[in-house]
Amino acid sequence: SLPMSIGNLPSLSYLNIDGCKFSTSIPASFANLTNLEYLDVTMNPFTTQSISSLSWLFKNKKLATLGLGMINLYGKIPPSIGNLSRLVHLDFAGNQLSGTIPSQLVNLTQLTYLCLQTNQLSGSIPSWLMNMTGLVVLNLAVNKFDGKIPSSISQLQNLQVLFLVRNNFSGTIELDNFLKLKQLLVLQLSSNKLSCRPSSANVILPQLSVLGLASCNLSEFPAFLQNQENLNWLDLSDNNIRGEVPFWVWNGSFNAMQYLNLSRNFLTGLDRYYPINPLLMYTMDLSHNILKGPPPEAPPSILSYLVSNNMMTGALPPWICNLSSAITLDLSSNDLTGVLPVCLGNISKSLMILNLKGNNFHGTIPEILVRGTRLTMIDLSDNQLQGKLPRSLANCKMLEFINFGNNFIMDTFLSLLGSLPSFRPRSSSTFLTLRILDLSNNAFIGKLPMEFFQSWNAMKSEMGNFTYMYKYLTPSRYLTYTYYGIYDFSMTVIYKGLNLYYPKISKKVFMIIDLSSNFFKGEIPGVIGDLKGLHGLNLSNNFFTGHIPSSLGNLTALESLDLSMNKLSGQIPHKLIELGFLSFLNMSYNNLDRV
C-alpha cells in the first residue's frame, strides 16, 4: 500500500506511480500535496472508492497532468473538476464513472488530452465541448453516449485523435465533416449505430494512420482512401459493401498497412490482388464474405490470417508454408479441397490456432514436427480426412480444444498418447489443459485406456471464472487507439440431444467429450468419473459393454449424458440420481436390466 508519509512532502510537484500495483486506497494525506503539478496513479488496484472521496484533489489549481485511470473509481465526475484551470492532461479511463460530462469541464481551456474511455458515462456530446479548441486527443470510447455526433466537431482544428468506438451514437454522419480536421491521424467511429456517408472526391484530406468505420452502414469503399498513403490500420468490417475489393487497395498505396479488416461484408472478389506490406502486415481478416477462387496470398509477416466463411476453392497454396510467424490460421467453412501439405505441421512455433473445419480436405493429417509448439486449438472437423491421427499430437502440451469430428479417421484412442497400439503406457501427462475433445463420426476402434483420462487436470476442476475460450489477436508491437480483436473458439456439437452451434465456448460451463458414432469397445473406464468439471459426455453409437460405472455419479456438473446404442448391461447406477444439473439422459438401445 502507499505510505501515508508521502503526505509529509509538501514541496512535491511530480508524483508518478503508474502501474505500481498498489492496493488499499489513495491516502488522505495526499491532500497535503498542494504543490503537485503532475499526478499519475493509473493502473493500481486500489479498493473501490467514490470519486467524491478525492474532493481535495479538485482544489489543487496547480495540477497540469492528472492520471486516474483504472483505479476502481465510481460515481459522477464532480463539477469541481472545473477548478483545475491549468490542466493539460486528464485521464479517467477504465473506471466505473457514470452520469454526464459536467459542463464545468469547459473551464479547462488549456486541456489538450481528454480520456474518458471505458466507463459508464451517458448523454450526448455537449455542444460546449467544441469550444475546447486546444484538444489534441478526445477519447470517449466504450461508454453509453448516445445521440448524434455534432457537425461542429470540425471546429476542433488541433484534433489528432478522435476515438468514439462502442457507444450508442446514431444518425447519418458526413465523413467530409471529419476530413476538415487537417491534423487528424486517428478516426475511430466503429461499433455505434451510425450511417456513414462517404466523402466527395474533391476534399483535401488529412493523412490518417488509423481509420475505423466498422458497423457504419457503408455500401462502398470510401473514395478518399485512394489518396491515403500513411494508413497503418483499416477496419471496414460489418458493413454492406458489395462486389470486388478495388485494385487500389493492393496497388501500393497502403504500403505501411499492418491491419486490414474487411470481414462481414458482401465481397465477391479481390480485383488485381497482390499481397501488401510483406514486412509489416500482421492481420488480414476477410472472413464472412462471399469470396471465390483460391485463398489470397498472405505476406510472410502475417500473424493472423482469417478467411473463414467464404466460397473459396482449390487446394491449400504453397505459400502457406512460408508463414513462419503465424499465430492464427483460419480457413474454415469454405470449399477447399486436396490434401493437407506436409509443411502444415512445421509452419511456426508460434502457431496457436489452426482451424480448417468445414472444407473438403482428404488424405492424412500431417505430423506436427515443431518442438515446443504453442498449439492451443486444432479443428479439422467436417472434412474427408482419412488414415490415423498424427502421433506427434501428444507433444502439443498446451492443447485445450481438439475437434476431428465428422471425418473418416481410422485409429485407436492410444494414438492420442503418441503410442503404438501394441504399447500400453503406465501413465500419461498428455493434454493437461484439454477442455473440448470431439472425435465423433469417425472409425476409431479399440478400448479407452483409463491412463489417458487421468492427466486431464482441466476437466477435473469445477472451479473457475466465467470466461470464454479465446485468443487475443493483438501483436506484441501494436498501434495505439486500435483494437486487433479476439478469436472466439466455436463449435457445432450434439448436446442434450440437439445439434447446436456455439459461437462462444465458456471455460467454466462447457467441457465436452464426444466420442459418439465410432467403433469403440470394452468397458467405459470408471476413471472418467474423476472429470468433475465435465458438462457433456457422449459415448453413443459404439460397442461398449459391461456395466455403467457408478463413478459417473461423481460428475456433479454434468448436464448431458448419452450412452445410447451400445451393448451395456446391468442396472443403471443409483448414484446417477445425485446429478442435480443433469437435464438430458439417454441410455436407450442397450441391454440394461429392468428395475
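Over the ring of which residue does the charged end of Arg242 sit? In this predicted model, the ring is that of Phe266, and the charged end of Arg242 lies 4.2 Å from its centre.

**View A. Charged ends over aromatic rings.** Besides the placement of Arg242 over Phe266, the charged end of Arg272 sits over the ring of Phe247, at 4.1 Å from the ring centre.

**View B. Aromatic pairs around Phe452.** The whole structure contains 25 aromatic pairs. One of them joins Phe452 and Phe453, which form an edge-to-face pair because their planes meet at 85°, with ring centres 6.0 Å apart. Phe452 is buried, with a relative accessible area of 1%, and Phe453 is likewise buried at 1%. Phe452 also pairs with Trp456: the centres are 4.9 Å apart and the planes stand at 75°, so this pair too is edge-to-face. Trp456 is buried, as is Phe452.

**View C. The aromatic cluster.** Ring pairs connect Phe452, Phe453 and Trp456 with Phe413, Phe431, Phe444, Phe520 and Phe544 in a cluster.

**View D. The largest nonpolar core.** This core comprises 158 residues, and Phe413 and Trp456 have the most contacts inside it. Among the elements that each supply at least two of its residues are strand 13 (168–174), strand 20 (266–270) and helix 2 (450–453). Helix 1 contributes the most, with three residues.

**View E. Surroundings of Phe413.** Leaving aside residues up to four places away in sequence, Phe413 touches residues including Leu437, Leu439, Ile445, Lys447, Pro449 and Leu515. A second, separate core has 19 residues, among them Leu303, Phe489, Met491 and Ile512.

Conventions:
Residues numbered from 1 in each chain as written. Predicted model: local features only at pLDDT ≥ 70, side-chain atom pairs only at ≥ 80, totals over all residues. Heavy atoms only, no water. Phe/Tyr/Trp six-rings, centres within 6.5 Å; stacked < 30°, edge-to-face > 60°. Buried < 20%, exposed > 50% of the residue type's maximum accessible area, 1.4 Å probe, protein only. Lys NZ or Arg CZ within 6 Å of the ring centre and 35° of its normal. Core = buried A, V, L, I, M, F, W, Y, C linked by side-chain atoms within 4.5 Å. Helix = DSSP H or I, 4+ residues; strand = E, 2+ residues; numbered from the N terminus. Contact = heavy atoms within 4.5 Å.
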